[in-house]
Amino acid sequence: MEPAAKPIWTPSPERAANSALARFSHYVQERYKAPVHDYASLHRWSIEFPENFWTAVWDFCEIRCSRGPQQIIEAGTRLPGAKWFVGALLNYAENLVPASDDTVAIIFRNERGERRELTRSQLRSEVARVADGLKRAGVKPGDRVAGYLPNIPETVIAMLAAVSLGAIWSSCSPDFGASAVVDRFGQIKPRVLFAVDGYQYAGKTIDCLPTVAAVCKAISSIERVVLVPYQRSDVTADRVPHGVLFTQFGAADTPLSFAQLPFEQPAFILYSSGTTGAPKCIVHSAGGALIQQMKENVLHSDMGAEDRYFYFTTCGWVMWNALVSGLATGATIVLFDGAPLQPDPNILWRLAAEERVTIFGTGPRFLTTCEQLGIRPRETFDLGALRTVISTGAPLSPMSYQYVYREVHPDVQLSSISGGTDLMACFGAGCPTLPVYEGEIQALGLGMKVEVFDDAGKSLVGQQGELVCTRPFPSVPVGFWGDAEADRLMATYFSRYPNVWWHGDLATLTSRGTLIVHGRSDAVLNPSGVRIGTAELYRQLEKIHEVIESVAIAQEYQSDVRIVLFVRLRDGVTLDEPLREKICRTIRENTSPRHVPAKIIQAPDLPRTINGKLVELAIRDVVHGRTPKNLGALANPDSLTFFRNHPELRS
């Protein structure tokens, strides 16, 4: 993919000058005499002087602590192994619920039409009550507290209460089945489980109580189940083992206190997708998560107290943590539970209009589907408050950039971002002072020395290679749970290049400093030795109305590999020769002849994780007669039957 010739959007001089990033630039110029005159020079300074940069972020973003650091970085060349803000004592939750006033902290809506608000005073009171319940249950720093919950205010309250005590929070979405939940929570052995009785998705009601019972039976460490009545108001605590209702957990009017703990104190456990084995339990520190989230929210997204921040996410994805972290900026966070497109395809745009959302977070699949359905939000809704759209989860195609500016809003910062669960931060981020180019991530994250390497570890510009980070950063995981010797951590991120974080993405760093992500490098297509990122094909297929979604794999064939493309088509559409030729022509004309698949096969369904990500590696394993490593990570494992011994792949 060639870099775009000209920007699709440029911030006005007033918008750029009034941004928090511009103020931060002036701040470091005055405090450190930093030679900063644009984003490139600010990024360069942030890498060359990490102690000064991260201290400036700490102070500029007003991170609360009871004791400041004695040393900013210890062993600052070790990756992993660097220590950050040594000697500081803080609490993550204290930074998210500092105020007690009547401003709105949380707006909640769901697909059933329910709406609730919580002020900061109400949020603080509820966090104090639930924290009291956890104390009475014996929870202490380092204990695990788990949530099997949808994206509702009670989930935010439970997380903040747990972390206020120094406990470690971990959550799964209730669309995870019992085996998927046990695969995750069974490894970390939580003492307390917050669980929901049921939920609604796409008009269908799902009862979660049987899953909760099965999870409790399988995980003996669970001593208390705090049941949240969500689907039914008359549900009773005796429906689950060790049960107590959420509303009866803890004493009202309990004062809220915050355990003061080191920067590196574990606060969150997130999970890898589990498509290559049991999910990895990624442990993140309170301080690392907090300072990265503050940096990205304030500097990269220009978020502040006047904002209303929405992200469509479940509680099983790192973007839920990112959404909740908006509270630390004083912003109002907007939660939504339900289906984003069914039965009402306009439900999220309606929410954005009615709640005056200023920052709207989503993913490429949602934007692509909206375009395919002919949804034109700017014609239907007043989106005048909207100023930033964030997309992550997969590379965003140029077509989706065009859709946002044509049909959503002509004057928004469209921030495609890249990073995620592994680092609880971004390698590629938005920038309110820079233009947006189609198909490109605006900038490299401040303080992150992101590079693209060839196989020998040589840095590349303008060529595809491996996305890496070559200097330490504060949110390098504390480790993997149960990996005492750090063997799995080292093998996952640091085995490819010594002392360098290898992220597993195929990417291009352009000469103007933008980033293009081509897809996972472990799913790279390599016909006749030519490396092709799968995202390059998917961008072209998004232009074809008949194709809903697709997966490309490299099939080993006749001492080489060939590209095989599986497509899921719209109802009533069949893959005939004209459509096959249309697909090939679109790919050939917009990429190269080497990108054209050797085989195109219509599939009834494509495997995806519980979080909705398509899984190329599972198809590749089945096609080659191998058993995928963890079928429990898939939402629809039966879909793999279609690919096993498929007759078209024999010739």
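Contact here means heavy atoms within 4.5 Å. By that criterion, in this predicted model, serine 397 touches Arg539 and Glu542, leaving aside residues up to four places away in sequence. Serine 397 sits in the loop that runs between β19 (388-391) and α15 (398-408). Its relative accessibility is 1%, and because buried means under 20%, serine 397 counts as buried. With one of its two partners the link is also polar: the side chains of serine 397 and glutamate 542 are joined by a polar contact of 2.3 Å.

Glutamate 536 has its place in helix α17. Although buried, glutamate 536 has no salt bridge, and the nearest side chain of opposite charge, that of arginine 539, is 6.2 Å away. A salt bridge would call for a side-chain nitrogen of Lys or Arg within 4 Å of a carboxyl oxygen, so arginine 539 does not qualify as a partner at that distance. What glutamate 536 does have is a polar contact of 3.0 Å, side chain to side chain, with histidine 595.

At the start of the helix, a side-chain oxygen of aspartate 576 comes to within 3.0 Å of the backbone nitrogen of leucine 579. Leucine 579 is in turn one of the buried residues of α18, together with Ile583, Cys584, Thr586 and Ile587. Because these residues cover an arc of only 160° around the axis, they lie on the same side of α18. On the face turned away from the buried side, α18 carries the exposed residues Glu577, Pro578 and Glu589.

Across the whole structure, a search finds 32 salt bridges. One of them joins the side chains of arginine 608 and glutamate 549, at 2.4 Å from N to O. Arginine 608 lies in the loop between β31 and α19 (616-623), whereas glutamate 549 is in strand β29, so this pair ties together parts that are 59 residues apart in sequence. Arginine 608 and glutamate 549 are both buried.

Arginine 626 and aspartate 621 meet through their side chains in a salt bridge of 3.2 Å, N to O. Here aspartate 621 counts as buried because its relative accessibility is 15%, while arginine 626, at 36%, counts as partly exposed. Aspartate 143 likewise forms a salt bridge, with lysine 140, and the closest N and O atoms are 3.6 Å apart. Aspartate 143 is buried, with a relative accessible area of 8%, and lysine 140 is partly exposed, with 46%. Elsewhere, salt bridges go beyond pairs: Arg109, Arg115, Glu117, Arg308, Glu354 and Glu355 are linked in a network.

Terms used:
Residues numbered from 1 in each chain as written. Predicted model: local features only at pLDDT ≥ 70, side-chain atom pairs only at ≥ 80, totals over all residues. Heavy atoms only, no water. Buried < 20%, exposed > 50% of the residue type's maximum accessible area, 1.4 Å probe, protein only. Helix = DSSP H or I, 4+ residues; strand = E, 2+ residues; numbered from the N terminus. Arc of directions from axis to C-beta. Polar contact = N/O pair within 3.5 Å; in protein donor to acceptor, adjacent residues only side chain to side chain. Lys, Arg positive; Asp, Glu negative; His and termini not counted.
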